[in-house]
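Thanks for coming. I have one structure to go through today, so please have a look at it before I start.

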Amino acid sequence: MRKIAVFASGSGSNFESIAEAVQGNKLQAEIGLLVCDNPKAYVIQRAKQKQIPVFVFSPKDYESKEAFETIILRKLAEYRVDFIVLAGYMRLIGSTLLSAYTKRIVNIHPSLLPSFPGKDAIGQAFHAGVKVTGVTVHFVDAGMDTGPIIAQKAVDVLNGDTRETLQSRIQEVEHLLYPAVLQELLQKEFTEGFLECLSER
Ligand code: GRF
């Protein structure tokens with residue numbers, strides 16, 4: 001059984017959908033740890049309700065990204081985590097984690113990348129007036145939402161949509177897509193050298 005760590009900063013609805021997929025055996029993995037950089041985030045309650053271990057920290061207590069990522073790395077080793085799943089973690093991953101978990105960090109982003117990277121992707125798409133936006137799951141590199149794309153799903157922007165209605169349809173798609181992609185990825189990664197194939201593209 002592969003052990004994943006979910007990194008999140010906010011509400012954690014994606015964390016919840018991943019945890020439910022694990023509970024329902026649709027995702028054959030164990031969530032070994034929630035890593036959270038915001039002590040007030042609701043995702044911490046969600047993890048506690050599910051008895052999933054939590055490591056919460058405040059970046060301002062550390063002198064650098066390297067300093068807190070070194071502590072995170074220790075925690076990941078302690079819980080024997082072999083794959084990192086970013087789910088609303090509002091922070092760029094630094095070289096400490098990237099080099100320890102090369103090709104083993106994925107992220108979900110609420111747009112069809114490379115369109116609308118960065119913060120408030122849904123608002124950006126809404127205000128740009130696009131007719132189609134969506135969701136992307138991708139590997140994480142040092143850039144902002146720039147790593148190799150693994151999967152995408154389009155979401156139509158409907159007449160009469162508000163930013164909020166669009167967001168709720170995008171999140172519905174996220175909650176189905178992310179667990180399904182993780183399941184495929186974790187199986188393939190260890191059986192078919194999927195990551196090697198991807199890096200050769
Ligand atoms: C999601 O829309 C995800 O795509 C983005 O951050 C949001 C997190 O939402 N990276 P939640 O905390 O999982 O509800």
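I will take the sheet, then the ligand site, then a few loop residues.

This is a predicted model, so local features need pLDDT of at least 70 and side-chain atom pairs count only at pLDDT 80 or more, while totals for chains, interfaces and linings use all residues. Residues are numbered from 1 along each chain as its sequence is written, and side-chain values use heavy atoms, with hydrogens and water left out.

On terms: helices (H or I, at least four residues) and strands (E, at least two) are DSSP runs, numbered from the N terminus. Two strands pair if DSSP finds at least two bridges between them.

The sheet is open and has seven strands in the order β3-β2-β1-β4-β5-β6-β7, with mixed pairing. The edges are β3, residues 54–56, and β7, residues 149–156; each has a single partner strand, so one side of each is left without a neighbour in the sheet. From one strand to the next the twist averages 20°. Axes here are lines fitted to C-alpha atoms, for helices over the stretch in contact, and angles run from 0 to 180 degrees between N-to-C directions.

Helix α3, residues 65–78, lies across β1, β2, β3 and β4, at about 155° to β2.

From the record: an unreviewed UniProt entry places "domain: Formyl transferase N-terminal" at residues 3–182. UniProt positions are in the numbering used here, feature names are shortened, and annotations may be inferred rather than shown by experiment. In the model that span is 37% helix and 23% strand, with its end C-alpha atoms 12 Å apart.

Now the ligand. Which residues surround the ligand? Among them are Ser11, Gly12, Ser13, Asn14, Ile108, His109 and Glu174; the cut-off is a heavy atom within 4 Å.

A polar contact is a pair of N or O atoms within 3.5 Å; within protein, one must be able to donate a hydrogen and the other to accept it, and residues adjacent in sequence count only if both atoms are side-chain atoms. A ligand oxygen is 2.7 Å from a polar backbone atom of Gly12, and a ligand oxygen is 2.5 Å from a side-chain N or O atom of Ser13. A ligand nitrogen lies 3.0 Å from a backbone N or O atom of Ile108.

Last, the loops. Asp82 is in the loop between α3 and β4, and its side chain makes a 3.2 Å polar contact with that of Arg2.

Most residues other than glycine have a negative phi, and most peptide bonds are trans. Asn25, in the loop between α1 and β2, has a positive phi of about 65°. The peptide bond from Leu113 to Pro114 is cis, with omega near 10°.

Technical notes
Contact means heavy atoms within 4.5 Å.
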